[in-house]
Each structure stands twice: as structure tokens, then as C-alpha cells.
Amino acid sequence: MQRLIPTGDPARPVAFAEVPPPVPEPGEALVKVEAFAVNRGETFLLEHPQPGLLPGKDIAGLVVQAAADGSGPGTGTRVVGHPAQGGWAEYAAVPTHSLAVLPDDIDSVRAAALPLAGITALRLLRTAGSLAGRRVLLTGASGGVGHYVTELAVGAGAELTAVTATRARGERLAELGARVVHEVAAAPGPFDVVLESTGGPELSLGLSKVRPGGTLVWFGQASRTPVTLDFFDLLGGPERVTIRHFHYAGAPYGSDLAALVRLVEQGRLHPEIGRTADWAETAGTLVDLRERRIRGKAVLLTGGASR
């Protein structure tokens, strides 16, 4: 079968290789991949790939071999999955605890856009707690996670302000019900909760927008610039603010994937897909994603996927 593997070349981060199909463990199903999504964080891993890296965590496709231990969906079932790695391939072995069944009315493209960004959004909002009637600030809001957080938070009753770099990147978020600003300093605080994903000086600015007793949840560093906090600046800011570190990872993922599928089926969640292309265009898509030339999710088709 064909698989995309790292090259170590930033201008063309992946290339095709002919490899044997994966051999599933007893608790894994073999999935014929119809579509997969790429994430900006994966572009960073590909800059200096570790030996043995097999990228790919967001897939949708068809189970062609059910798990030997009897768990999970049967052969012939359409699924969305979140394997630990190896999803950018014709076939992927996926733990059954990280699969969810797809209904007929959700195509593979939308399904593949759900896992990493959607699970992150769900778990991030659970960490933030009840949002009804609360004022929320979201930085770095124009990517896949930002779109999901915005739609879910507004749907839960939050008054959400989203920070995007440009007006164009904020248009869809405004349609979803967010107030959009283009720099953290312009956000009209104070906020009960700040969801911070940019790092660098933005975290300190976000912290200054938190109400006394409020919470900042730090879930990313998209700027790739370390954060510096000054103790004396904090003394002059809001009191008793809690800073919480967040990382989405931790299997099993199946129940969260099933929740995301239900939300899409009910019309309460709409994946924002900025590019759909054949997987022959994966290398260029990764470069464009890294350079922020794609708004929302990017999904690649391996062949036979419904569009």
C-alpha cells in the first residue's frame, strides 16, 4: 500500500512510500482510509521528524477487518477514527476505543475534519466549566479548534469574543455568534474565562483581561514564542486568577468522537473546511497550513471518499 512518510524537507514535508499494510493488534480494526485531515501542530513535528514517525491522527473510512477481540464496529462499517499515528495511508490500524460509527448522512470529508480539533474543543470547554451567561475570550480563533470552540461555546450560552489576525479570518466566527477583534488588547474585558492558544506576549495580555477570581486556560503556543510573566505585573492585575495548563490527549476517544458525530448530525456543529484536495497534494497543503494560508481544516482524499 502507499503511505506518506516524512522527508525532513520543509518545502516538501512528506512523500509517498510503498509499504506493507499494517497488522492490527487484537483490539484494533483495519480501516481503509477514505479521507484524512492534517493539523498545524503536525507541520511542526515534520520540521525535524523523529525516527519512525508515521504522521496522521484524523481519519475517516471503512472497516475492512474487524478487531480480532470482537470489540468495536464490524467489517463494512463507516467510521471516523483517531489513531495515535499512521493515518496518512491507504490503510490504518485503529484501536476500537478510538473509533465512532458514521451515519449515512455524514460524508468522509466532514468526518475526517472532526477528531483532533473537535476532541480538543470538547475537552477544553469541559475544562472551562459551565459557560451559560459567562464572558469568554478565545485567542488564535481562526483554526479548526477555534471554529469548533466558537460554535459550541456560543451554543452553550457564552458571550464569546474571538481574536483573529485578519477580518477575513473572523467572518465565519462572527456568523457563528462571536464578537471578533483582531488583537487581544482590543478585547473588551473583563472575562470570566480566557482560552489562550497563542503564547508569547499574548498570554500576558490575555491574563490582564481576566476578571478577579477568573480562569485562564492555556492550551497552545501557536506563535511558537515562549511566554514570559512578570510577577510585579501580575500584582497590578486581577487578583486570584487561576492559570490552567491543558492538553487534549488521552485515549479512549470513541465517546467524544460519537458526541461530535451526533452534534454534526443534529446541525449543532459545522466543520469549517478551508481546503479539500487529493492526497497527492498533501505536501503543499502542509506548507500552506503551516504558513496560515488555510482557514479552518484541510482534508485530503485517498480515493473513493464521498465529497
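1. D256 and R126 form a salt bridge, with their closest N and O atoms 2.7 Å apart. The term salt bridge stands here for a side-chain nitrogen of Lys or Arg within 4 Å of a carboxyl oxygen of Asp or Glu. D256 lies in helix α8 (residues 254–265) and R126 in helix α3 (residues 115–128), so the pair ties together parts that are 130 residues apart in sequence. Helices (H or I, at least four residues) and strands (E, at least two) are DSSP runs, numbered from the N terminus. D256 is buried, at a relative accessible area of 4%, whereas R126 is exposed, at 51%. Buried means under 20% relative accessible area, exposed means over 50%, and partly exposed is in between (1.4 Å probe, protein chains only). R123 joins R126 and D256 in a network of salt bridges.

2. On provenance, this is a predicted model, in which local features need pLDDT of at least 70 and side-chain atom pairs count only at pLDDT 80 or more, while totals for chains, interfaces and linings use all residues. Residues are numbered from 1 along each chain as its sequence is written, and side-chain values use heavy atoms, with hydrogens and water left out.

3. By the salt-bridge rule the count comes to 13. One of these pairs is D58 with K297, where the closest N and O atoms are 3.8 Å apart. The pair links distant parts of the chain: D58 is in strand β4 (residues 58–65) and K297 in strand β15 (residues 297–301), 239 residues apart. D58 counts as buried, at 0% relative accessibility. K297 is buried too, with a relative accessible area of 3%.

4. D107 and R110 also meet through their side chains in a salt bridge, at 3.0 Å from N to O. D107 is buried, its relative accessible area being 16%. R110 is partly exposed, with a value of 26%.

5. V163 belongs to strand β9 (residues 159–163) and is buried, with a relative accessible area of 7%. Setting aside neighbours within four places in sequence, V163 is in contact with L137, L138, T139, G140, A141, V181, H182, E183 and V184; contact means heavy atoms within 4.5 Å. For a distance check, V163 and P13 are 150 residues apart in sequence and 29 Å apart in space, C-alpha to C-alpha.

6. T120 is placed in helix α3, the helix that also holds R126. At 7% relative accessibility, T120 counts as buried. With neighbours within four places in sequence left aside, T120 is in contact with P115, V145, F246 and Y248.

7. L229, L234 and I243 make a nonpolar surface patch of about 230 Å². Patches are made of residues with over 30% relative accessible area and no salt bridge; like charges are joined within 9 Å, and nonpolar side chains (Val, Leu, Ile, Met, Phe, Trp, Tyr) within 5 Å. Accessible areas come from the Shrake-Rupley method with a 1.4 Å probe, and for residues only the protein chains shown count as cover. I243 lies in strand β13 (residues 242–245) and is partly exposed, with a relative accessible area of 40%.

8. Backbone geometry deserves a separate check. Most residues other than glycine have a negative phi, and most peptide bonds are trans. A cis peptide bond joins G189 and P190, with omega about 0 degrees. P190 sits in the loop between β10 (179–181) and β11 (191–196). Another cis peptide bond joins A251 and P252, with omega about 10 degrees, and P252 is in the loop between β13 and α8.

9. R240 is exposed, with a relative accessible area of 60%. R292, also not a glycine, has a positive phi of about 60 degrees and lies in the loop between α9 (282–290) and β15. R292 is partly exposed, at a relative accessible area of 42%.
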